[in-house]
Amino acid sequence: MNNHHTPINDLQDAKLVPFDKIHLDPNNPRIAPESPPGYLDDKALFADDLQHTLEERVRAVYDVANLEDSILAHGWVPIDSIIVWEHSHRPGHYIVVEGNTRTVALRTLRGSRLERERKKLDKLKKTPSRFEEELRVQQDLVDRLEKIVSQTDQLRVFPVAAKSVEELQAILPRLLGVRHISHAREWKPYATNLYILSLYERLFRARHGSKVALRLEDDLVNEVASMVSLSGTKARRNIQAASAFTHFKRDYEDRLPEGEALSDEDHYFFELILQNAYPKEQFNVNKDSLRLPKESEEVLFQWAFSKPRSGKEEDNENVFYKAESVRLWNQMATYDGKCGTNFAKQLDVNSPDEARPIGVIEAEFLQHKTQRTPIDALTSLLKALQDLKVDTLLSQQEHLTPILDRIAHQVARYQKMMKAVAD
């Protein structure tokens, strides 16, 4: 598989299709409803009420308003390809498999936004002498919107070269895997992992039907890993994280403090639990787990989500004040093993009520570490950085970049100080 470009035989040549024949994809794991209709049932797939729901989901997940402003300012510039599939049971109707956000932005600009701005223009025209400048600006705005409509009445798209649902499902992992998994172009970790989970579940259901409880089977995990160019271990962990967080959201979101909700970023807690040996062991997660045991979910909720999290990080009174606390817990356990200390065990999953905030333990932990020589501390840091995996850096770059920036800044300060003394 080519890891840099979409395989050319997966796509047909670009073609122009009527904009009103393009539909959002309810099987996209980022915006899918609780029970995606699949691609076989064309009536469910193209239902108007479902399309409206999907628009709302896209707006909740992506920054559509900013994209609308950009299109309005610069006109429609189709730099990123919109990829579609012409439904085999309904010729002339297209499902957007790549480009749902751009489709929603265009729908809004062509529809409700244009209608609203035209009404405002008509109102200004009734008293033109009083609002001459406003009238000129509003006329320009309407003209630009109408030009966008004209530019997109026929939309240039790239159809997937699939004549059946089976062919589409064989091609999609290559298309979406190259764009969003191998290179993390747009999807964030939870979206990526949801997609990988959906691929696994499709293979599992094809083998076992709908009545068998989902479980991990090595050959199917490896098949999915091959589809999206990941190692079997990485694919398994991604499937587990998406499944565990989805279960947790379903069971615990209604217990959050008033006004709070679980965000996609909270999925990072589950990734870190699966990536770090000590938390994984403490929460009793094994290689076949698709969710945390119920008692472990309860502990995680109590430690990370039971108290308000809005506002500044330092005001968060939860035991885990951020997802990185899980990694810190693991680092403490490693340090305890080497130095005979007892930092990590102050968070005991069997006595969750007695746990101290990890921020308090961290201060004591760091103080103890500073008693070591600078050479010991820097050697340990260098080894930890060298041990980081490339796929971890890429998938967690949003979280790791500010940490690495702070490390680089601190190193630069030390170097400057040492140079000044030497001079």
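Predicted model: local features only at pLDDT ≥ 70, side-chain atom pairs only at ≥ 80, totals over all residues.
How do the residues of the lining of the second largest pocket divide into nonpolar, polar and charged?

1. Composition of the second largest pocket. Its lining divides into 22 nonpolar, 10 polar and 12 charged residues. The space in this pocket amounts to about 1,700 Å³. Among the 44 residues that line the second largest pocket, Pro-33, Glu-34, Pro-36, Ser-198 and Glu-201 are the closest to its centre.

2. Helices around the second largest pocket. At least two lining residues come from each of helix H2 (48–61), helix H6 (165–182), helix H7 (189–208) and helix H9 (232–252). H7 gives the most to this lining, with 9 residues.

3. The largest pocket. Its volume is about 2,300 Å³. The lining comprises 44 residues, and those nearest the centre are Gln-331, Lys-369, Ser-380, Leu-381 and Ala-384. By class, 20 of the lining residues are nonpolar, 12 polar and 12 charged.

4. Helices around the largest pocket. Helix H13 (324–339), helix H14 (358–369), helix H15 (374–387) and helix H17 (397–422) each contribute at least two residues to the lining.

5. A nonpolar surface patch. Leu-378, Leu-381, Leu-385, Leu-388, Leu-393 and Leu-404 make up this patch, and their accessible area together is about 440 Å². H15 provides the largest share, 3 residues. Leu-381, one of the patch residues, is also among those nearest the centre of the largest pocket.

6. Leu-393. This patch residue is located in helix H16 (residues 390–395). Leu-393 is classed as partly exposed because its relative accessible area is 32%, between the limits of 20% and 50%.

How values were computed: Residues numbered from 1 in each chain as written. Heavy atoms only, no water. 1 Å grid on protein atoms, 1.4 Å probe; cavity = no way out; pocket = protein on both sides within 12 Å on 5 of 7 lines; lining within 4 Å. Points joined across faces, edges and corners; volume = space filled by probe spheres on them. Helix = DSSP H or I, 4+ residues; strand = E, 2+ residues; numbered from the N terminus. Nonpolar A, V, L, I, M, F, W, Y, C, P; charged D, E, K, R; others polar. Patch = residues over 30% accessible without salt bridge, like charges linked within 9 Å, V, L, I, M, F, W, Y side chains within 5 Å. Areas by Shrake-Rupley, 256 points an atom, 1.4 Å probe, with all protein chains shown as cover. Salt bridge = Lys/Arg side-chain N within 4 Å of Asp/Glu carboxyl O. Buried < 20%, exposed > 50% of the residue type's maximum accessible area, 1.4 Å probe, protein only.
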